[in-house]
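Please look over the structure shown here. The report below takes up its surface, its core and its salt bridges.

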Amino acid sequence: MFGGMYSALPAYESDLFGSKYVGANHGKMLLYSSTAAIAGPSVFLYLKSLSEKAAITDLLSKIDPAAFYEKFGSDMSAVDALIEAKTVTVAKLMEIAPSGVLDPTPFLYDTSFYTIAAAIGVGAV
């Protein structure tokens, strides 16, 4: 898939910018697309984990400590270790959350997508 795109890019770049600098332009395109391919997923997952931790913290403020202890067998003071071990997750906290608490799962990727949309917008300019 990408091989076809990279082989067609020099012709496209020469149409856009002229054939005189197609070598330099194509080199920059390869450099930046490779950088984005390597750094993009790491940034995306980092932003998602920040959103997930914020959602868990918000849910913990709404959950009864007795219900938390009954579900996980530990106080809320040990929540950092439980999150690190993937014992406490948004789905498991939603099981013991009071009724009417909004499930944050559909919104976990909002920050990631807004950041990527902004980066694409900046790159388009």
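Phe17 is exposed, and its relative accessible area is 53%. The model is predicted. Phe17 belongs to helix H1, which covers residues 2–17.

Together with Tyr12 and Leu16, Phe17 makes a nonpolar surface patch of about 350 Å². Patch members need over 30% relative accessible area. Phe17, at 53%, is exposed.

## The nonpolar core

The largest nonpolar core contains 17 residues. Ile56, Phe68, Phe72, Val88 and Leu93 have the most contacts inside it. Four helices each supply at least two residues of this core: H2 (22–60), H3 (65–72), H4 (79–84) and H5 (90–96). H2 gives the largest share, four residues.

Phe68 shows how these parts meet. Neighbours within four places in sequence are set aside here. Phe68 then contacts Leu60, Ile63, Gly73, Ser74, Asp75 and Met76, among others. Its list of contacts also includes Val79, Leu82, Val88, Leu93 and Ile96. Two of these partners, Val88 and Leu93, are also named with Phe68 among the core residues with the most contacts.

## Salt bridges along the sequence

How many salt bridges does a search of the whole structure find? The search finds three.

One joins Glu52 and Lys48, with the closest N and O atoms 3.8 Å apart. Both residues lie in helix H2. They are separated by about one helical turn because they are four residues apart in that helix. Lys48 is buried, at 17% relative accessible area. The cut-off for buried is under 20%, so a value of 17% qualifies.

Another pairs Asp58 with Lys62. Here the closest N and O atoms are 3.3 Å apart. Asp58 is partly exposed, with 38% relative accessibility. Lys62 is partly exposed too, with a relative accessible area of 40%.

## A bridge between helices

Which side chain meets Lys71 in a salt bridge? The partner is Glu95, and the N to O distance is 2.4 Å. Lys71 lies in helix H3 and Glu95 in helix H5, so this pair ties together parts 24 residues apart in sequence.

Lys71 is partly exposed, with a relative accessible area of 36%. Glu95 has 54% relative accessibility. Exposed means over 50%, so Glu95 counts as exposed.

Key:
Residues are numbered from 1 along each chain as its sequence is written. This is a predicted model: local features need pLDDT of at least 70, side-chain atom pairs count only at pLDDT 80 or more; totals for chains, interfaces and linings use all residues. Side-chain values use heavy atoms; hydrogens and water are left out. Patches are made of residues with over 30% relative accessible area and no salt bridge: like charges are joined within 9 Å, nonpolar side chains (Val, Leu, Ile, Met, Phe, Trp, Tyr) within 5 Å. Accessible areas come from the Shrake-Rupley method with a 1.4 Å probe; for residues, only the protein chains shown count as cover. A salt bridge is a side-chain nitrogen of Lys or Arg within 4 Å of a carboxyl oxygen of Asp or Glu. Buried means under 20% relative accessible area, exposed over 50%, partly exposed in between (1.4 Å probe, protein chains only). A nonpolar core is a set of buried Ala, Val, Leu, Ile, Met, Phe, Trp, Tyr and Cys residues joined through side-chain atoms within 4.5 Å. Contact means heavy atoms within 4.5 Å.
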